[in-house]
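Reader: I would like a close, careful look at how one part of this model is put together. Please go through the pairing step by step, with the cut-offs behind each term.

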Amino acid sequence: LYYALREIESSVFIAFHFSPIVFLVENNFITFSAVLDVVLVFQNSVVIFGVYLYHYILSSLYGFPANIMTYLNNNNIRNSVEEIERKAYGFKLSLLDDTELLFDREGVLLNNNKNNPEQPAPAEDNNATAKAFIEKHFAGYNVVQVYSEYDDGVLEHKYYIQNGRKGYKIVFNEKYDWTEVEGDEDRAFYLPQSIIQVLPAGIQNYLAKTPRVSVVDIEKSTRGYKLELSNDLEVYFDLAGNFLRIDD
């Protein structure tokens, strides 16, 4: 067994090998192959390049859904896979004929589906709800970039706004309900008070007890709220605004 492992950046590694190798990444993905050429390993994803990946190699990948193998077998393309990429939504397979197949984590085909994670419906830079939110809380700011993407299968519309050197990111869900407002701690771009005032009373009362601490980021989900503070603490609350815990 011969291979060279070299760190390119803090989160990217390249492995070259000329005989079988076993590669494990945080229990997310294991692959071994005698024909594999290059493996790129990122923090939460794996990209596999090779001349082709034999059926027995694919079937031996830890965490590789059986539904994908069934699809490959039924369509007689099991020996045509050239590249596998682990994505947040599941898997992306590239074939020798340049076809790309997208599957969710359970192995359900996403191509030509309204939930296609590679081609989400684009966000509208003039969406009325988003525009009203920005005008209310960030008067004088201009939208400089808007794009959409799927994060763990959930569609997000991301708005980047700017006024001079100050900038913020606002994330809306598919219905354009806001789910995150992010400032910049390094540049002391904290969230305006008007954003704090839309939070449940319990969160406002908590923040009132720490007047010297500002809010850098707020994330809202179906489980509650996560606040990142200027003192590098992350504070969690439920949807009613009840305190849950602090992470440093």
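Author: Strand S8 (residues 90-95) and strand S9 (residues 100-104) pair in the antiparallel sense over five bridges, where pairing requires that DSSP finds at least two bridges between two strands. Helices (H or I, at least four residues) and strands (E, at least two) are DSSP runs, numbered from the N terminus. This is a predicted model, in which local features need pLDDT of at least 70 and side-chain atom pairs count only at pLDDT 80 or more, while totals for chains, interfaces and linings use all residues. Residues are numbered from 1 along each chain as its sequence is written, and side-chain values use heavy atoms, with hydrogens and water left out.

Within this pair, Leu 93 has Leu 101 in S9 as its bridge partner. S8 and S9 form a hairpin with four residues between them, and Asp 98 in the turn has a positive phi of about 75°.

Elsewhere, eight strands form an open sheet with antiparallel pairing in the order S10-S11-S12-S13-S14-S15-S16-S17. Its edge strands, S10 (142-151) and S17 (243-247), each pair on one side only. Inside this order, S13 (residues 178-182) and S14 (residues 215-220) are antiparallel over three bridges, with Val 181 opposite Ile 218 in S14.

Helix H3 (residues 128-137) lies across S10, S11 (154-163), S12 (166-172) and S13, at about 145° to S12, whereas helix H5 (residues 201-208) lies across S14, S15 (225-229), S16 (234-237) and S17, at about 15° to S15. These angles run from 0 to 180 degrees between N-to-C directions, along axes fitted as lines to C-alpha atoms, for helices over the stretch in contact.

Conventions
Contact = heavy atoms within 4.5 Å.
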